[in-house]
Amino acid sequence: MPVQEREYDIILLGASGFTGRLVAEYLLAQYGIGGDLRWAMAGRNEAKLESIRLQLQGYEPAAPIPILVADTSDASAMAGLASQTRVICTTVGPYALYGSSVVEACAHNGTHYCDLTGEVQWMRRMIDAHQAAAAASGARIVHTCGFDSIPSDLGVLFAQNTMQEAHGVAARRVKYRVTGFGGGLSGGTLASMLNMMEEVKQDPGLADVMADPYALNPQGAPTGSDVNDQTGAIYDEDFASWTLPFMMAGINTRVVRRSNALLDFAWGEDFNYDEAVLAEGKGALQSKITALAMTAGTNALSIGPLRGLASRFMPKPGEGPDQETREQGYYNILLHANHPDDMEKDIRVKVSGDMDPGYGSTSKMLAECAVCLARDNLTVSGGFWTPASAMGTRLIERLQQNAGVSFTVE
Ligand SMILES: NC(=O)c1ccc[n+]([C@@H]2O[C@H](COP(=O)([O-])OP(=O)(O)OC[C@H]3O[C@@H](n4cnc5c(N)ncnc54)[C@H](OP(=O)(O)O)[C@@H]3O)[C@@H](O)[C@H]2O)c1
């Protein structure tokens, strides 16, 4: 069925999960039901979906949220979902385990798609397998629409646009520095991280794919001079502070570099980008010890039995940080854009969120991406895009207006 005539604007798949329920809560609060935005909840377990609806709307609501039952292991059910809606917004993860049929169905049915994956190895597989089908059908497929990697991707776009407006050039380099955050982790996120480690154990070649700074660039596109992500403590002159490794850098930097490639290298083929955490107030020794401890923790999790042991004490799928933790959570990120030849003209911008990064803020970002894909007059054609290259400044406006994410020039 042509996209314009479909029954729904958005089907939220995975609404019974920890993050999916938060997305449903946000869509209901922000856009209502039975109004302009036609949306439905989908998942594999009808009883769980009904219980979520009861929690959100109470008994016998005037306009109940429509419920659709479908399991991602059933490819024809996924095609059925995809053909009923303009957009599928999915929180069914680990994506590498349960998400491939959803991408395939969208790519073949001209259905736009957004998700929360941070699984670089899986995104690479999906791009290679379905780019041609998505381009042919007109489906805009956009991964990484949560804390990975919206603040990075749109933060760089915002910094570059600011540099362009102020000085008429692109920044040669952008540095992303986390200055503070508070929140927690969900069982689904941990399951995705652990599954990624399992996949690398099964296929050690994947470690090379994930270590490639340009792992997500279009095949054959030029690559620049960026190297491995930071592993130790490094002193940053621009911030006059020591910096530590940032655990999401391995995802976000690949997404930002892909954005540059998809934007026809608007920021230059020699554009450099990196991410780190500011170790404000910490001296050299303390920073180096912290970095060593972080590396030891990551290495320990790569050992199978230790990973198994640790996961026994971590949240299970369906569990995550409570409401108080989400509401008291926040994040602040500074992005420093280096002018190509005059450091007096460097620009610094700030991206902040009003809730915890992983769930409170992520669920609002993902929902706004889905609405943006369904409603806004975007210029890009079908294919695999990044948030910045597909939705760009329109999404920045939406996030500022509705989702408690702010982008400001410092
Ligand atoms: N990038 C970010 O910033 C970010 C932030 C948050 C989450 N995430 C990612 O989002 C994903 C979800 O996290 P979460 O904590 O919400 O996980 P979760 O609570 O475990 O939820 C997973 C959802 O997937 C559903 N599901 C699993 N297998 C399915 C299948 N075969 N067919 C249909 N539905 C299926 C589950 O349904 P049942 O309820 O029936 O089991 C549940 O609704 C994870 O991959 C996580 O890494 C990313």
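Trainee: Which of the 30 residues around the ligand come nearest?

Mentor: In this predicted model, Ser16, Thr19, Arg44, Ser186 and Ser192 come nearest.

Trainee: Which side chains have a polar atom by a nitrogen atom of the ligand?

Mentor: Asp71 has one at 2.9 Å from a ligand nitrogen, and Asp148 has one at 3.2 Å from a ligand nitrogen.

Trainee: How much of the ligand's accessible area does the protein cover?

Mentor: On its own the ligand has 930 Å² of accessible area, and the protein covers 92% of that. Helices H1 (18-31), H4 (95-98), H8 (187-202) and H14 (357-375) each give two or more residues to the shell.

Trainee: What is the make-up of the shell by class?

Mentor: The shell has 16 polar, ten nonpolar and four charged residues.

Trainee: How do you know that the shell draws on both domain 1 and domain 2?

Mentor: Domain 1 (3-147 + 360-404) and domain 2 (150-357) each supply at least three of its residues.

Trainee: What describes the interface between domain 1 and domain 2?

Mentor: In domain 1, 38 residues are in contact with 43 residues of domain 2. About 3400 Å² is buried between the two domains, with 65% of it from carbon and sulfur atoms. The domain centres, taken over C-alpha atoms, are 24 Å apart.

Definitions and conventions: Residues are numbered from 1 along each chain as its sequence is written. This is a predicted model: local features need pLDDT of at least 70, side-chain atom pairs count only at pLDDT 80 or more; totals for chains, interfaces and linings use all residues. Side-chain values use heavy atoms; hydrogens and water are left out. A residue is near a molecule or strand if one of its heavy atoms lies within 4 Å of it. A polar contact is a pair of N or O atoms within 3.5 Å; within protein, one must be able to donate a hydrogen and the other to accept it, and residues adjacent in sequence count only if both atoms are side-chain atoms. Accessible areas come from the Shrake-Rupley method with a 1.4 Å probe; for residues, only the protein chains shown count as cover. Helices (H or I, at least four residues) and strands (E, at least two) are DSSP runs, numbered from the N terminus. Ala, Val, Leu, Ile, Met, Phe, Trp, Tyr, Cys and Pro count as nonpolar, Asp, Glu, Lys and Arg as charged, and the others, Gly among them, as polar. Domain bounds come from an automatic or database domain assignment. Contact means heavy atoms within 4.5 Å. Buried area is the accessible area (1.4 Å probe) that two parts lose on being put together, summed over both.
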